Amino acid sequence: MVKLLGEFVWHTHPDTDEMFFVHSGELIIQLRDRDVVLGPGDVFVVPAGVEHCPRADEEVSALLFERSGTVNTGDASGDLTSQVHEL
């Protein structure tokens, strides 16, 4: 479960899909050719290797599903990269 606000970084996950399930708010998944707008209860899967940039103009609560060990910023790294925590 994550809370999102603002624009993230453009990145890809070369070896894994990433699924977004929005609990509350409106999440925009920016793709190079279009934007996907998600509201509460909506689900979207970004296929492996597709460049994307999540954006939330107001706070969003969402569940992210991805392979264990996936780095949140994918191939971009940088200041927004968080440590991978094993549960």
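This is a predicted model: local features need pLDDT of at least 70, side-chain atom pairs count only at pLDDT 80 or more; totals for chains, interfaces and linings use all residues.
Which residues of strand 3 are buried on one side and which on the other? Residues are numbered from 1 along each chain as its sequence is written, and side-chain values use heavy atoms, with hydrogens and water left out.

**View 1. Strand 3 (residues 27-31) is covered on both faces.** L27, I29 and L31 are buried on one side, and I28 and Q30 are buried on the other. Buried denotes under 20% relative accessible area, exposed over 50%, and partly exposed the range in between (1.4 Å probe, protein chains only). Strands are DSSP runs of E with at least two residues, numbered from the N terminus. In a regular strand, side chains alternate between the two faces of the sheet.

**View 2. Strand 3 pairs with strand 4 (residues 35-38) in the antiparallel sense.** Four bridges link these strands; pairing requires that DSSP find at least two bridges between two strands. I28 has V37 of strand 4 as its bridge partner. The hairpin joining strand 3 to strand 4 runs through three residues.

**View 3. Strand 3 also pairs with strand 6 (residues 52-66).** This pairing is antiparallel and comprises four bridges. The bridge partner of I29 in strand 6 is P54.

**View 4. F65 of strand 6.** F65 counts as partly exposed because its relative accessibility is 42%.
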